[in-house]
Amino acid sequence: MSSKTDLNINSETAALKAVILHTPGKEVENMTPSNAHKALYSDILSLPIAEREYRQLSGVLSKVADTYQVSDLLKAVLDDTGARAGLVSEICEAESAKELAAELMRLPSDQLARYLIEGMPLRYGSLTSFLSGERYALPPLYNFYFTRDSAVVIGGNAMICKMANKVRDREAIIMKAIYSAGAVFNCNVIEPGKNPKYSGKVKIEGGDVLVARKDLLVIGNGLRTSTEGIDALIEELSAPAAISSFGTDGKFDVIVQQLPSSPDSFIHLDMVFTLLGNGKCMAYKPIVMDPSVYRTISLHVEGGKVTNIVSEQNLLSALEKKGMELEPVVCGGSNSWTQEREQWHSGANFFAFAPGKVIGYMRNKATIDELAKNGFEPIKAWDIIEGKRSLDEAGDCVVMVEGSELPRGGGGGRCMTQPVARV
């Protein structure tokens, strides 16, 4: 990390240059069936199996790009006394734990980083605390291996997300500290959630934000991203510091896709739609292609204002009007029952690390078969890691990660990656 990385994301599918990851650790083991729902999980994970599966994702990506681990980036922030003080103060304020600040400031950086991610055990100093049922003074960040959600790079801007659930607020606070420190990344930091105009109604998470092009965003509007969040982001991206690296002369387009409020598998746009590169996309047909009550709305922004806003037939036709004609690959194939089953386990959630080269779960067999029919060669992640196959020699391909445990958290390849630079 001797030289800084310039943030540069103007595509979902250009060749990956650098990405932020977080290998799931003890924070996952610190979850029990009784608190799984509170942690936004529907089940608990086996950490050894989850780690093995995650090594496949990180191992493949390390072959093609620089990979940064959140824990390493966090330790670097904590080594700076001023940055540490600011981060500790903001976390303690957000979590009503000001009494912990002095103790946290005294901890070595590596231990403090562990506490901030894995949870800080609660010391029982009273009958009330002993009988409270709580185990942590600062709860674990169970969801942090889904690095996509807490921050998004748009052009050269690091957007700090406003999480829909308080249990995830600390993830965004940590990412803001990492980007703001300036030790590793050169960027402009924006925070839609700080806009007082919207009276705390802003919600926006990275799984809902797709950077389709330098002048085009596709954003989901549903459980995790509010209309106010989208409006606030448009305002932030229209500011002088932001438009220098996104849009064309201050002009850009936003396509908004409404999403169902249930089941939980529809929490983000990237659970129903992802870009694969080379003119193809992965689509969950009932939402993206079929007639439905969930609207698609196109906005044009110019001079800091929305100058045109219209309803569209569907997401694919809206993109075609913006010059992106895409051939859809259907999540789950032709059978509606299988489509529903595979979407539940992140069957549409692929991450493109180069045009036409994507990574996702092996368990979604019908979707993998559909990709193969559309020219994507299925390759096992271990074959790439062990040198049995070369990505340089492969054409369009889908790299398959074993996925029995990781999907239980509610996300796939795109959810687990926070790209910061593409070629």
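Author: At 23% relative accessibility, glutamate 191 counts as partly exposed, the class between buried (under 20% relative accessible area) and exposed (over 50%), with a 1.4 Å probe and protein chains only. The model is a predicted one, in which local features need pLDDT of at least 70 and side-chain atom pairs count only at pLDDT 80 or more, while totals for chains, interfaces and linings use all residues. Residues are numbered from 1 along each chain as its sequence is written, and side-chain values use heavy atoms, with hydrogens and water left out.

The side chain of glutamate 191 meets that of lysine 176 in a salt bridge, at 3.6 Å from N to O; the term requires a side-chain nitrogen of Lys or Arg within 4 Å of a carboxyl oxygen of Asp or Glu. This pair links distant parts of the chain, 15 residues apart: lysine 176 belongs to helix 8, and glutamate 191 to the loop between strand 9 (188–190) and strand 10 (209–213). Helices (H or I, at least four residues) and strands (E, at least two) are DSSP runs, numbered from the N terminus. Lysine 176 is buried, its relative accessible area being 14%.

A second salt bridge joins glutamate 235 and lysine 197, at 2.8 Å from N to O. Because glutamate 235 lies in helix 9 (residues 227–237) and lysine 197 in the loop between strand 9 and strand 10, this pair ties together parts 38 residues apart in sequence. Glutamate 235 is partly exposed at 30% relative accessibility, whereas lysine 197 is exposed at 56%.

Aspartate 270 is in the loop between strand 12 (251–258) and strand 13 (273–277), and arginine 414 is in the loop between strand 21 (397–401) and strand 22 (418–422), so the pair ties together parts that are 144 residues apart in sequence. Aspartate 270 is buried, with a relative accessible area of 0%, and arginine 414 is buried as well, at 1%. Glu12 joins Asp270 and Arg414 in a network of salt bridges.

The structure as a whole holds 22 salt bridges, among them the pair of lysine 176 and glutamate 191.
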